Amino acid sequence: MRYKSQSVAYWYFAVAMVLFGLQIVFGLLSATKYLGPDPLLYILPFDVTKVIHTNLLVVWVLTGFMGATYWMVPDESRTELHSVKLAYLQLALWVVMGVTAVIGYLFRYGTGNKLLEQPLPHKIVIVVVMLMFLYNVVMTIRKSGRFTTTEGVLLLGVAGAAVLYLPSLLEYDNYVVSIFYRWWTIHLWVEGVWEMIQGGFLAYLLIRLSGADREVMEKWLYVIVGLVFMAGILGTAHHYYWVGVPSYWLPIGGIFSALEPVALVGMAMYAYSAMRRSGLAHPNTLALHWTVGSAVYTLFGAGLLGLAHTWPSVNKWTHGTLITAMHGHAAFYGAYAMIVLAMITYALPAISPARREQGTSLGYWAFWLQLAGMFGMTLSFATAGIGQVYLERIMGLGYLDAQLKIQVHFLMLIGTGTLFAIGVALFIIDFFRYAPRLEVTQDATDPDLQAVPVKPARA
Amino acid sequence: MNKRQSRLFAIACTGIAAVVFLGLTVDSHRQFPTLTNEAQLTPQVIAGKDVWHKYNCVNCHTLFGEGAYYAPDLTKIAKHRGEQYLQAYMRNPAQFYDEQRHRRLMPKQDLSDEEIKNLIDFLGWVSNVDNQGWPPRPILVTGATIPGTDMTASQQAQTSGEQTTTGQVPPGARPLTGNENPIALGERLFRSVTPACNACHSVAQGANMAGPSLAGLTAKASQLVGSPDYKGKAKDPEGYIRESIVDPSAHVVPGAMYSANNMSFMPNTYGQSLKPEQVDQLVAYLSSIK
């Protein structure tokens, strides 16, 4: 750790880890309900476990984003945070919001608007927290006077996330109109501003881990930003196909969501070329695994699997089936869970110096088990979804009859989900195994700050 | 490309996409009133939407295909199930499905009668939204059918009331001349009218779905018409079948599964939506089931 205030990141990461673990518990619980019968039908029915599963995902990933930002900004701007107190206050408020929301969901206290179930007071707290966060980061950068492109992209992402949450505060009498604006938050977060945040972290990690040239990285980052926004903004149309909007959204959604993978290919190429340029020499190879893994898995889950069912003539048949769950799981995990885990893995050796810089063997087990588990879950949802489309939409079987015939895929889901859960558990154990020593270990006044220990592999 | 140019590229892409997106949003608002029948957005429908949210329905079911994929899509449910059935179902789902057999069951929600009424109004409004003809096939809750696969798209449109471009023929379709045996035409109607008969009735012995099995219908009908319990007007089995189609509540089959408050769960819309010759064809087909 170079700056004292970077220690706030540790507490954000710790909270994120706890929430991640909880999310998986509710995910596994939901998965077993597909097999049925459900002994918890009147205690924890599917709708409750599902709401908690998805809301915890959003909350822990955002907690991770905030922690990672508080880690990265001092490093990039070469200064202490504007206000450490504000950062802790923000975390406390955020945790209270998250915990009370989850307890509320247990009693069905929520609006029932998918993914935006948070009750109004909670939504207001979320906006306040986002603004506190933005203020703290902007003030830190202003104070330092050093503003890098990676920070700029990250900041654009964070500001966008705050602004685009605002449409979710409004209520509409017309259900179709409310769907229309719901996607302004959900889609433009996931396929717009969050990708900015991911891009910012990816660039930071690649520059640090592979010693890639900052000028080249930043140029690429702009190209990716342009492609993400062009395809992402108009790609919102792929959520509008069948919900009661004008028909011109169909071709627009088809064309622009087909373009969305272009940005992701760019991102993966960018990661690969950065490594080639320098030749993998940073000691923290585990963090590099997560970083490159995130770029590759994003290409697979968000890009390829998204493309697999986004064209209107295909989507007409796959829409509203487990095919969507397939894409959703792989995309969220690759793009957002993995980039947060990469940032955590990168920061950990500096937080707890007892830890080996290269990463622990537990850490590698966590990486490969999670990857295998998530790949298996994606395949389970995919095969279940294909079976469902064929039986239900092509053969015309009733919904319940079709679900009974694809039970074997739910067994697969539970099996691979368990594998994934073990990987998550190992990551969490590895995180808490070493006590943090939150003190400055590297001299911040070192003139050669860019010189993180990167040895060129090829001279 | 140097760094300045790539920055310009990013700004231009974002700007153009945002402007186009906002423009289309404004135009969509212009079209929402027609596409969603805003005139029919009564206070009951809006209250029904709040019920939908209050009980978190979307985190099991889907509506317009959006939701949790754990329970059937309800976009067109109001077209497949009558109001009476939906009321009885929402009061106690366990009466209609068995968790051991179907592996999934909707928990009883304890909705008030007013909430149920509003929710049904909401689902009725949803079923009339112009959503580009999705789903491509009726999404049934139970039953095994291949609806309309042997008809041209225009013939399907005639029987289902949905709009399609005329002249389209599904791949592998056998052409229809219109002079087919009425029983065959009736069988086709059985699977393709709106709501489809086979969404609720099977023709297999003992396979009762939302409605009773229609196997051996003629024999059952003649027994019924002759019995003193019968309250309808029909005098013969065929008359009884016709009566059951156009006026399902004229004689209610006993049992909590099929009726409540002397109202049959079967929709009573076939009298208006079918042409008289189509009813004849259906009666011919149903009388032929042994």
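Modeller: Let us start with a surface feature: helix α8 of chain A (residues 249–278) gives the largest share of the nonpolar patch, three residues, where helices (H or I, at least four residues) are DSSP runs numbered from the N terminus. This is a predicted model, in which local features need pLDDT of at least 70 and side-chain atom pairs count only at pLDDT 80 or more, while totals for chains, interfaces and linings use all residues. Residues are numbered from 1 along each chain as its sequence is written, chains are lettered from A and ligands numbered from 1 in the order in which they are written, and side-chain values use heavy atoms, with hydrogens and water left out.

Biologist: Which residues make the nonpolar surface patch?

Modeller: A patch joins nonpolar side chains (Val, Leu, Ile, Met, Phe, Trp, Tyr) within 5 Å, from residues with over 30% relative accessible area (Shrake-Rupley, 1.4 Å probe) and no salt bridge. Here A:Ile255, A:Leu259, A:Val262, A:Trp311 and A:Val314 make one of about 400 Å², and A:Val262 lies in helix α8 of chain A.

Biologist: What area is buried between chain A and chain B?

Modeller: The size of an interface is often given as the accessible area lost when the parts come together. Here about 7,000 Å² is buried, summed over both chains, with carbon and sulfur atoms giving 62%. Of the area that chain A buries, A:Tyr175, A:Tyr399 and A:Leu400 supply 11%, more than any other three residues.

Biologist: How many salt bridges are there between chain A and chain B?

Modeller: There are three, each a side-chain nitrogen of Lys or Arg within 4 Å of a carboxyl oxygen of Asp or Glu; A:Glu215 forms one with B:Lys3, the closest N and O atoms being 3.7 Å apart.

Terms used: Buried area is the accessible area (1.4 Å probe) that two parts lose on being put together, summed over both. Patches are made of residues with over 30% relative accessible area and no salt bridge: like charges are joined within 9 Å, nonpolar side chains (Val, Leu, Ile, Met, Phe, Trp, Tyr) within 5 Å. Helices (H or I, at least four residues) and strands (E, at least two) are DSSP runs, numbered from the N terminus.
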